[in-house]
Amino acid sequence: MPDTVLSGWGRTAPSRADVVAVRSTDDVVAALTSAGQRGVLARGLGRSYGDAAQNAGGTVLDLSSLGTIDVGSDGVVRAGAGAVLADVIDALEPHGLFVPVSPGTSRVTLGGAVAADVHGKNHHRDGSFGDHVVELEVITPDGAVQRIGPSSSGEDLAHFRATVGGMGLTGVVTEVVLRAMPVPSQAVLVDTCQLGSLDAVMERMSSTDDGYRYSVAWIDATAPGAALGRGVVTQGDHAPAGPSGGVAAPPRIALPIAPPVGLVNRWTVRAFNEAWFRKAPASRDAELQTVRQFFHPLDGVGAWNRAYGPRGLVQHQCAVPDSESAVIARLLEHFRDSGAPSFLSVLKRFGPGNDCPLSFPRAGWTLAVDLPGATPGLARILDRADELVLEAGGRTYLAKDARVSPEALRAMYPRLDEWLEVRERVDPRRVLVSDLSRRLSL
Amino acid sequence: MIDAHGRPQSVLVLGGGSEIGLAALRVFGPTTLRRIVLAGRPGASLDSAVQSLTSQGFSGVVAADLDVADVPTHEAFVDAAFDAGDIDVVLLVAGVLGDQAEFEADPDAAVAAAQVNYVGSMSLALHVARRLTQQAHGVIVVVSSVAGERARRSNFVYGSTKAAIDSVGLGLVEVLRGTGARALVVRPGFVRTRMTSHLPEAPLAVDPDEVGRAIVDGIAGGKELVYAPPLMRPVMSVLRHLPRPVFRRLGI
Ligand SMILES: Cc1cc2nc3c(=O)[nH]c(=O)nc-3n(C[C@H](O)[C@H](O)[C@H](O)COP(=O)(O)OP(=O)(O)OC[C@H]3O[C@@H](n4cnc5c(N)ncnc54)[C@H](O)[C@@H]3O)c2cc1C
Ligand SMILES: NC(=O)c1ccc[n+]([C@@H]2O[C@H](COP(=O)([O-])OP(=O)(O)OC[C@H]3O[C@@H](n4cnc5c(N)ncnc54)[C@H](OP(=O)(O)O)[C@@H]3O)[C@@H](O)[C@H]2O)c1
């Protein structure tokens, strides 16, 4: 079987694994029950940024053959865990349905969406991906095929909750049953508003988010002085009727190979952010956008992560409670003043979190910054950022992580032990392993 | 595991008392490190290395018995180290400088130096590469020397051993490509350590910390070959190409 060097979207810490394409649930059972010493892990499309979908020296299961999508008349979708979100969106469209949660890229699998309990621009309204799952088919390392969901009870319910956000470490998800969202149209009516300060951006979102299904702010994390954190807030909801917003169409521009030196540096980042801010309208109401324009703008630029060069990119995404919203400004100052240029910085309000112990979202604010791996002193800059996040009672997102320490993780996720209990029960021999689980001693 | 910034959690130092090895650990810092195995001949130098790291706040520091010259013990040693847990970074820093005049007077002494600097080091490096290949991640750092780049009248025995281990290191760079693991060859110039303390300082001399920094940055940057100081690269490039009569007149 082919040995492949795998990395996450950030391309920071590659390792090699034996990638095995599975064609059926039986194949998954066989792979798990005949696992070698270095274990087994499911991988989706590798859109997590760090080491979550790697298993050095072990087996990595490619579930892309498990991609069937069945849309039921009741608006419930039954799909293979390897199904790609973009295809699910296409399959739902003729039924007047849309995915209940979509991350910033449509190139993720349902398995990956469950394992990271992904969130979208509607988290403040609709919660995260796991909140819309009706049932999962999960294979545990003993080869047992389990069907678990939010209406399970006892150990099964605990297992379901540990699997949502569980980063593939509590079983291989083979099927996802999901409640889709009825929408009047795929297109989104978007209000855009350019605001000159972080305070204004946060104030706008706090006071008006409730009126919109979707809301997010792009912010300028490089602007000098008090302009730091100025931004463009986009808020919207599905239009009553409009053009089809299909995802389709292959990437227009792709970077086929890694440029030897990162194109992303302090100067290009500053120029880009300045231009992006200026090009936004001061205010524009009810603009009709397609799904791709609104939800997945980056999918139009293939392999843009390669522009960061051989040192790759590190995304830092944190969530902090509302009461500590001031830490957002401190983080932005810290990044700017320590010379860490964020190309793309996104701010959003989260609604309440759910009952899944490792699920990332929690009520408050989330900030994501994309930093070049080559930034001098980046390790220490981000260690300090983690301290600020921890002092604020916040956490960082495992789907983006390749750097946090086991101790920090424990402090960020107070329900870690509850999750570990389930892991101990379903995988006492640690058959399910990833580079992330090794790094974090999970 | 090595994190997104190139920081390891576990390090095996072959030549555990080495000042250059200790400097590299200092530059990594204790933040991510949780297992450090200092392998060497039992004695004061190893003990004080363990103590100095522990007092600097490093945790999980242990000493392990290893004689680099004793090749038959290597397989079991390396296997035991890796069986106890993944190793992210292996620093191959054992070495002896010796004395050129003594080597010429007593060829057995020259062979003994080669047994440490080349034969034993190669044996360890090959065993480590085998385990890194299985592990499918991690880095072996082979510290050779600019002395190996062009043999000099004044220390060609040492130079020849360093040339040999340098070739092994560059060979492992190729062996490990595509395995998920990798190798880094480091060529220091004159470094102010106890190995050289009895010698007059050569031009471009550096402190061990600078070599430690070169190792750490080389790992983080995914480098295959680095010099310390970096200026040594062009200097050696010139020296390597000097005609013999000219090189001879330099009197080095
Ligand atoms: C441009 C971009 C924008 C993004 N925007 C967002 C966003 O807005 N919100 C958000 O939440 N995330 C976002 N992400 C992150 C992404 O949604 C998650 O990392 C997601 O998990 C990736 O899915 P994947 O299929 O690529 O999974 P992978 O990255 O391949 O794997 C991620 C984890 O899921 C596990 N896994 C995968 N399949 C299975 C399975 N069948 N069974 C069990 N475990 C499995 C893996 O073991 C691994 O731990 C973004 C990523 C990118 C690149
Ligand atoms: N210093 C320089 O100028 C310089 C320049 C270029 C390259 N280098 C190379 O850098 C490496 C580290 O050197 P350093 O400057 O750090 O010197 P060092 O402090 O003397 O370190 C060398 C280490 O090798 C150990 N060693 C020697 N023989 C051994 C054996 N048979 N078995 C196990 N361990 C053995 C020594 O152990 P003990 O402590 O027990 O003696 C010592 O800890 C060496 O390979 C050296 O050749 C040094």
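Where is the place of Thr196(B)? In this predicted model, Thr196(B) sits in the loop between β6 (181-188) and α7 (208-220) of chain B. Its relative accessible area is 11%. Thr196(B) therefore counts as buried, the cut-off being under 20%. Leaving aside residues up to four places away in sequence, Thr196(B) touches Leu97(B), Phe190(B) and Val191(B).

Ligand 2 is surrounded by 29 residues. The closest are Ser18(B), Ser45(B), Tyr158(B), Lys162(B) and Thr193(B). Backbone and side-chain atoms both approach the oxygen atoms of ligand 2. A polar backbone atom of Gly17(B) lies 3.5 Å from an oxygen atom of the ligand. For a polar backbone atom of Ala94(B), the distance to an oxygen atom of ligand 2 is 3.2 Å. An N or O atom in the side chain of Arg194(B) is 3.0 Å from an oxygen atom of ligand 2.

Two helices of chain B were also examined. The axes of α5 (residues 107-135) and α6 (residues 156-176) of chain B come within 9 Å. They cross at roughly 10 degrees, so α5(B) is roughly parallel to α6(B). On the α5(B) side, the contact residues include Ala110(B), Asn117(B), Tyr118(B), Met122(B), Leu126(B) and Thr133(B). On the α6(B) side, they include Val157(B), Tyr158(B), Thr161(B), Ile165(B), Val168(B) and Leu176(B). The residues of this contact divide into 16 nonpolar and four polar, with no charged residue. Tyr158(B) belongs to the helix contact and is also one of the residues closest to ligand 2.

Notes. Residues are numbered from 1 along each chain as its sequence is written. Chains are lettered from A and ligands numbered from 1 in the order in which they are written. This is a predicted model: local features need pLDDT of at least 70, side-chain atom pairs count only at pLDDT 80 or more; totals for chains, interfaces and linings use all residues. Side-chain values use heavy atoms; hydrogens and water are left out. Axes are lines fitted to C-alpha atoms, for helices over the stretch in contact, and angles run from 0 to 180 degrees between N-to-C directions. Helices (H or I, at least four residues) and strands (E, at least two) are DSSP runs, numbered from the N terminus. Angles under 35 degrees count as roughly parallel, over 145 as roughly antiparallel, 65 to 115 as roughly perpendicular and the rest as oblique. Contact means heavy atoms within 4.5 Å. Ala, Val, Leu, Ile, Met, Phe, Trp, Tyr, Cys and Pro count as nonpolar, Asp, Glu, Lys and Arg as charged, and the others, Gly among them, as polar. Buried means under 20% relative accessible area, exposed over 50%, partly exposed in between (1.4 Å probe, protein chains only). A residue is near a molecule or strand if one of its heavy atoms lies within 4 Å of it. A polar contact is a pair of N or O atoms within 3.5 Å; within protein, one must be able to donate a hydrogen and the other to accept it, and residues adjacent in sequence count only if both atoms are side-chain atoms.
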